[in-house]
Amino acid sequence: QVHLVESGGGLVQAGGSLRLSCAASGITFSIYAIGWYRQAPGNQRELVAVISNDFSTNYADAVKGRFTISRENAKNTVTLQMNSLKPEDTAVYYCNAQYITHFGPDFNYWGQGTQVTVSS
């Protein structure tokens, strides 16, 4: 069974920090690109940050310079360190694991999400 479990969400004041974690099981973790997405009520789900299997990273412009994504393959975990949080960061944050095979079906898994609420 494949499981992605997010943790670390909560309520924080603007300017504060949170650290989200995604723990994966049931996959060969090191070959997957891992992304954090978020979705606020009434909005589309958007990519926040992604880290590839070679540890390269990309960030949405809205979070660049404030958020840091990292992975620890030996522990099958990905972390999203969120600093200088703003009310507009409020959303449900989801962990996603994706593996593009190029010769067969892709593999794509989602966690259940964790709520992040930033008060002004």
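Y32, Y99, F107 and Y109 form one aromatic cluster, where rings of Phe, Tyr and Trp (its six-membered ring) are paired if their centres lie within 6.5 Å. The model is predicted, so local features need pLDDT of at least 70 and side-chain atom pairs count only at pLDDT 80 or more, while totals for chains, interfaces and linings use all residues. Residues are numbered from 1 along each chain as its sequence is written, and side-chain values use heavy atoms, with hydrogens and water left out.

By the pairing rule, the count comes to five aromatic pairs. The ring centres of Y99 and F107 are 6.1 Å apart and their planes meet at 20°, so this pair is stacked; planes under 30 degrees apart count as stacked, over 60 as edge-to-face and the rest as tilted. Y99 is partly exposed, at 25% relative accessibility, and F107 is likewise partly exposed, at 35%. Here buried means under 20% relative accessible area, exposed over 50%, and partly exposed in between (1.4 Å probe, protein chains only).

Leaving aside neighbours within four places in sequence, L80 is in contact (heavy atoms within 4.5 Å) with residues including W36, V48, F67 and Y93.

R71 lies in strand β7. This residue is buried yet has no salt bridge, defined as a side-chain nitrogen of Lys or Arg within 4 Å of a carboxyl oxygen of Asp or Glu. The nearest side chain of opposite charge, that of D54, is 7.4 Å away. The R71 side chain does reach the backbone oxygen of S52 at 2.9 Å, and it makes a polar contact with the side chain of N73 at 2.8 Å. A polar contact is a pair of N or O atoms within 3.5 Å; within protein, one must be able to donate a hydrogen and the other to accept it, and residues adjacent in sequence count only if both atoms are side-chain atoms.

S84, in the loop between β8 and β9, has a positive phi near 50° although it is not glycine. S84 is partly exposed, with a relative accessible area of 40%.

How values were computed
Helices (H or I, at least four residues) and strands (E, at least two) are DSSP runs, numbered from the N terminus. Lys and Arg count as positive and Asp and Glu as negative; His and the chain ends are not counted.
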